[in-house]
Amino acid sequence: MKIYPGRSRGFTLIELLVVIAIIAIISSLLLPVIGRARRKSLRTVDINNMRQMAASSFMYAGDFNDWFPICTLGAGNSGGKVNHLLGIHYTRYFATGPGANQIVPTRYGSWDQNVGYLYGGDFIQNPAACWCPLLQDPPLEISYYQTNGGIACDGTSSVRVPYMYNPRCVNPDGTPVTVSTSDPVRKYNKQSGVRTLDVFILDYIDAGNGGSGGPDGASGTGVPFTEQDWPQWPSPGIEAGFTDGSVHYCKLNIKTPPPYYPQFPTWMSVIQNGLQNSESGSSYKQYDTIFSICQNQ
């Protein structure tokens, strides 16, 4: 074999292809690990968001005569009434107004709803704490509402967050949640009304055609089990914050307790195929069962 001075031997085509194949194999092994690590770090942010909202709610109650942030939307809230929930998705309204595509001011106003009061009163200074970082669908992300350095209403004059805030409710006559179609009243209006460990803030379950089907969640059935529409994907459960400020993961791949939907083997099946987010008695019943499942874990 002759060696010519001044000339270097480069890669052959076969050697180059082998190197590319090795890099591709290593990448295919590392990318899922990196993806899981990223989602794990975002879950930490999700948990911290819930803790911050819960702690801020109790501080708010200390300043506002024992009241938690209220909801004033819906027909049941006319005449000065508050916290009649026209559908569970009303618990995720952050603001309604001051107008379509207008910035929501960082001070109290008639536009505030639910955790919007925490933002309006500077109990939460960074609005990103009100948005779950795990959901990768535009209508469920904070970027959907960020513009000109602030949080702006969408074309329907509303801002919504991907958390269910203080969602437990009773019927207006004070009886437990049933299949009644009347607007239930929020169970925990005041801090003094919290007498047991119960759910207070949960990852939003967007019944309908996923977040892309519309951010209001007012219609539709079922939740796609995808990274875009399920906050704890690929885990079949949700993070829930409780009335003592704790947060923990709640499994939903458990047997459906009778008499709720005995034809489905687990509640994940119910959520994927039959969950409703409409203003109806059946949807209140479904969500109340989910809250109870979380409460009892």
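1. The structure is a predicted model, in which local features need pLDDT of at least 70 and side-chain atom pairs count only at pLDDT 80 or more, while totals for chains, interfaces and linings use all residues. Residues are numbered from 1 along each chain as its sequence is written, and side-chain values use heavy atoms, with hydrogens and water left out.

2. The protein chain contains four helices and ten strands, where helices (H or I, at least four residues) and strands (E, at least two) are DSSP runs numbered from the N terminus. Along the sequence they follow the pattern α-β-α-β-β-β-β-β-β-β-β-β-α-α. Of the contacts (heavy atoms within 4.5 Å) between residues at least 6 apart in sequence, 63% join residues at least 24 apart.

3. The accessible surface of the protein chain is about 14100 Å², and carbon and sulfur atoms account for 57% of that surface; such areas come from the Shrake-Rupley method with a 1.4 Å probe, and for residues only the protein chains shown count as cover. Buried residues form 47% of the 297 residues in the protein chain, buried meaning under 20% relative accessible area, exposed over 50%, and partly exposed in between (1.4 Å probe, protein chains only).

4. Four strands make an open sheet in the order β5-β8-β9-β10, with antiparallel pairing; two strands pair if DSSP finds at least two bridges between them. Because β5 (163–165) and β10 stand at the edges with a single partner strand each, one side of each has no neighbour in the sheet. Neighbouring strands are turned by 30 degrees against each other on average, direction ignored. Helix α4 (residues 281–295) lies across β5, β8, β9 and β10 and runs at about 105 degrees to β8, with axes being lines fitted to C-alpha atoms, for helices over the stretch in contact, and angles running from 0 to 180 degrees between N-to-C directions.

5. Within this sheet, β9 (residues 237–242) pairs with β8 (residues 199–203) in the antiparallel sense over three bridges, and Val 199 has Phe 242 as its bridge partner. Five bridges join β9 to the antiparallel β10 (residues 247–251), where Lys 251 is the bridge partner of Gly 237. The hairpin of β9 and β10 has four residues between the strands, and Gly 245 takes a positive phi near 90 degrees there.

6. In a regular strand the side chains alternate between the two faces of the sheet. Both faces of β9 are covered, with Gly 237, Glu 239 and Gly 241 buried on one side and Ile 238, Ala 240 and Phe 242 buried on the other.

7. Leaving aside neighbours within four places in sequence, Ile 271 is in contact with residues including Ile 205, Trp 230 and Ile 290.

8. The whole structure holds zero disulfides, a disulfide being a pair of cysteine sulfur atoms within 2.5 Å. The closest cysteine sulfur to that of Cys 250 is in Cys 294, 3.7 Å away and too far for a bond. Cys 250 is buried at 0% relative accessibility, and Cys 132 is also buried, with a relative accessible area of 4%.
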